[in-house]
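Please keep the sequence and the coordinates at hand.

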Amino acid sequence: MQVIHSITELRHRLAGQEQTAFVPTMGNLHEGHLSLVREARQRGGPVVASIFVNRLQFLPHEDFDRYPRTLARDVELLTGAGCDLVFAPDEAELYPEPQTYKVQPPAALPDILEGEFRPGFCTGGCTVVMKLFQCVQPRVAVFGQKDYQQLKVIAGMARQFALPVQVVGAPTVRADDGLALSSRNGYLGQSERHEAIALPQALQALAARARDGRAPREALEAEAMAALAARGWAPDSLTLRRRRDLLPPSEAERLAGEPLVALGAARLGATRLIDNIEC
């Protein structure tokens, strides 16, 4: 496997390839990332993974500076997963000048859920993915469903810009106890790691009551938030949304079987975790 740090070298290496499959990451890899690489491997053609911690999608108070950079370990894991090429640019390579041109998703998506609590997150994510797409020029790009909103935003961007990229969502990979694998799980202390399964459990309970006609959606969400807060969490949101556009379902849609997803974001100590359960 080859590790490439410059856009020029990347383009030279991929010249003439029309079936490239791409997995963008911020590194500090775990089994969830490797499952995306294996999914990309099944699509045919060379598999490219990028490793780049994107400053544009971090708020000033967030963990950009302390986000783990583990390139040597990541390359070893990617080699074992069947990756052909790693693109690992530094900031000066990907952003040689201030990135003043940015991709701004429609307000209906980036200003809700994660965007409400992390302003600019969706714009920063779309901008770096658009730039990485231009560098790699893949036919297929694979993203994990754990970042459900990001997947919807990127798929919409590819569709509306008529990008020649098929955006594929791969299932969330979970630990044996049900916790979604995440690079930020490494921030959790031992007792916090045991407690962390309360988030997927809360979402499972909310999803199980998604069709409950005895209580309005807002009441179910408030009950889920209160139960998690009572355990010492600081929840940002636990909510039921339509899968197709992540907007709140009407009561008629909820009871009629509209495909829904229960999404949650909450802080446990200093660590912010996200998860979702389709229902």
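A residue is called buried here when its relative accessible area is under 20%, exposed when that area is over 50%, and partly exposed in between. The model is a predicted one. By the cut-off for burial, Phe22 is buried, because its relative accessible area is 0%.

Six strands make up an open sheet with parallel pairing, and their order is β1-β4-β3-β2-β5-β6. The edges are taken by β1 (residues 2-4) and β6 (residues 166-170); each has a single partner strand, so one side of each is left without a neighbour in the sheet. Averaged over the sheet and with direction ignored, neighbouring strands are turned by 25 degrees against each other. In general, strands of a sheet pair through backbone hydrogen bonds, in either a parallel or an antiparallel sense.

Two of the pairings can be followed in detail. Strands β2 and β3 run parallel and are joined by 5 bridges; within this pairing, Thr25 has Ile51 in β3 as its bridge partner. Strand β5 (residues 140-144) pairs with β6, also in the parallel sense, over 5 bridges. Here Gly144 has Ala170 in β6 as its bridge partner.

How many of the residues of strand β3 (residues 47-51) are buried? The count is 5 of its 5 residues, and the strand is mostly covered. Val47, Ala49 and Ile51 point one way from β3, while Val48 and Ser50 point the other way, and all are buried.

Helix α2 (residues 31-41) has as its buried residues Gly32, His33, Leu34, Ser35, Leu36, Val37 and Ala40. The cover over these residues of α2 includes β2, β3, α3, β5 and β6.

Glu31 also lies in helix α2, but its relative accessible area is 36%, so Glu31 counts as partly exposed. Leaving aside residues up to four places away in sequence, Glu31 touches Arg38, Val173 and Leu181. From Glu31 to Gly264 the separation is 233 residues in sequence and 21 Å in space, C-alpha to C-alpha.

Another helix contact joins α1 (residues 7-14) to α6 (residues 121-136): their axes are 8 Å apart and the packing angle is about 50 degrees. The two helices α1 and α6 are therefore oblique to each other. On the α1 side the contact is made by Ile7, Leu10, Arg11 and Leu14, and on the α6 side by Gln134, Cys135 and Val136. Sorted by class, the residues of this contact between α1 and α6 are 5 nonpolar, 1 polar and 1 charged.

The aromatic rings come next. A pair of aromatic rings is described by the distance of the centres and the angle of the planes. Searching the whole structure gives 4 aromatic pairs. One of them is Phe22 with Phe133: the ring centres are 6.3 Å apart and the planes stand at 70 degrees, so the pair is edge-to-face. This pair links distant parts of the chain, with Phe22 in strand β2 (residues 21-25) and Phe133 in helix α6, 111 residues apart. Phe133 has a relative accessible area of 3% and is therefore buried.

Phe58 and Tyr67 also pair; their ring centres are 6.1 Å apart and their planes lie at 75 degrees, so this pair too is edge-to-face. Phe58 counts as buried because its relative accessibility is 10%, and Tyr67 is buried with a relative accessible area of 6%. Phe58, Phe64 and Tyr67 form one aromatic cluster.

The remaining strands to consider are β7 and β8. Why is strand β7 (residues 234-242) described as largely enclosed by the rest of the structure? The reason is that 8 of its 9 residues are buried. Strand β7 pairs with strand β8 (residues 260-268) in the antiparallel sense, over 8 bridges. In that pairing Thr239 stands opposite Leu263 in β8.

Terms used
Residues are numbered from 1 along each chain as its sequence is written. This is a predicted model: local features need pLDDT of at least 70, side-chain atom pairs count only at pLDDT 80 or more; totals for chains, interfaces and linings use all residues. Side-chain values use heavy atoms; hydrogens and water are left out. Axes are lines fitted to C-alpha atoms, for helices over the stretch in contact, and angles run from 0 to 180 degrees between N-to-C directions. Helices (H or I, at least four residues) and strands (E, at least two) are DSSP runs, numbered from the N terminus. Angles under 35 degrees count as roughly parallel, over 145 as roughly antiparallel, 65 to 115 as roughly perpendicular and the rest as oblique. Contact means heavy atoms within 4.5 Å. Ala, Val, Leu, Ile, Met, Phe, Trp, Tyr, Cys and Pro count as nonpolar, Asp, Glu, Lys and Arg as charged, and the others, Gly among them, as polar. Buried means under 20% relative accessible area, exposed over 50%, partly exposed in between (1.4 Å probe, protein chains only). Two strands pair if DSSP finds at least two bridges between them. Rings of Phe, Tyr and Trp (its six-membered ring) pair if their centres lie within 6.5 Å; planes under 30 degrees apart count as stacked, over 60 as edge-to-face and the rest as tilted.
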